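Subject: Structure handover

Hi,

Here is the structure for you to look through. Please open it first, then read my notes below.

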Amino acid sequence: MPRAVREQQMLDAAVRTFGQRGYRAASMDEIADFAGVSKPLVYLYLNSKEDLFTACIRREATALTAAVRAGVHPGLPADRQLWEGLRAFFTHTAENPDGWAVLHLQARTHGEPFAAEVAAMREELVAFVTELIVVAAREAHRDPNLPEREVAGLAEALVGAAESLAAWANAAPGVSARQAAATLMNFAWAGLGNLMEDRPWSAPQEAGGGSLR
């Protein structure tokens with residue numbers, strides 16, 4: 001069997017084990033058994049438990065970001081692009097619950113270098129969502145110079161909400177990826193849509209007449 005195929009089998013087994021048992025509780029013996037190989041072969045291919053976990057994080061992060069990007073089709077209206085991106089995100093996390101557990105739960109709770117790997121994935125997703133919102137906002141306002149910093153916070157909030165909602169949807173029986181995406185669209189798009197129409201929410205004035213900002 002080619003090395004690349006064997007290595008993917010090991011990663012499949014490792015993602016399953018890490019996702020279901022956690023990084024500390026998972027054993028290399030168990031991973032080797034799931035992969036149908038000897039433990040020395042796992043060490044030969046992937047060096048150590050830490051290196052194996054890092055390889056799992058990188059593979060799952062790459063697959064998730066690729067799925068989101070592939071789900072968005074340029075040229076669609078802004079709400080449709082966001083909807084398709086969210087649906088792709090929730091579909092992928094629902095179909096790969098162990099991989100999502102590795103990224104969202106395990107990697108973030110065991111320090112460096114694992115947390116840094118997930119942070120890099122998150123930065124890529126936030127940058128992608130920021131780009132979507134910026135393009136839509138610039139078109140709505142007919143302003144090609146609208147700065148990204150004005151929507152970067154919105155992208156951060158949206159990605160954070162999607163991450164939390166995916167964890168909830170995977171644990172809640174009967175919640176489909178489409179339902180999860182629709183929930184977040186209903187929560188987020190009313191506000192984003194108002195921004196696109198130049199109708200932002202304004203903070204109330206303080207008693208002395210000043211803004212709360």
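Start with asparagine 47. Its relative accessibility is 52%, so asparagine 47 counts as exposed, because the cut-off for exposed is over 50%. Find asparagine 47 in the loop between α3 (39-46) and α4 (49-71). Keep in mind that this is a predicted model.

Now look at the backbone there. Asparagine 47 is not a glycine, yet its phi is positive, at about 70 degrees. Most residues other than glycine have a negative phi.

Next, go to helix α5, which covers residues 78-95. Two residues there are worth a look.

Glutamate 84 sits in helix α5. Is glutamate 84 buried or exposed? It has a relative accessibility of 12%, so glutamate 84 counts as buried, because buried means under 20%. Its side chain makes a polar contact of 3.1 Å with the side chain of arginine 87. Leaving out residues up to four places away in sequence, glutamate 84 touches Gly71 and Leu76.

Aspartate 79 also belongs to helix α5. Its relative accessibility is 33%, so aspartate 79 counts as partly exposed: that value lies between the 20% and 50% cut-offs. Which residues does aspartate 79 touch, not counting those up to four places away in sequence? They are Met185 and Trp189. Aspartate 79 and leucine 192 are 113 residues apart along the chain, but their C-alpha atoms are separated by 9.0 Å.

Best wishes

Note on methods: Residues numbered from 1 in each chain as written. Predicted model: local features only at pLDDT ≥ 70, side-chain atom pairs only at ≥ 80, totals over all residues. Heavy atoms only, no water. Helix = DSSP H or I, 4+ residues; strand = E, 2+ residues; numbered from the N terminus. Buried < 20%, exposed > 50% of the residue type's maximum accessible area, 1.4 Å probe, protein only. Polar contact = N/O pair within 3.5 Å; in protein donor to acceptor, adjacent residues only side chain to side chain. Contact = heavy atoms within 4.5 Å.
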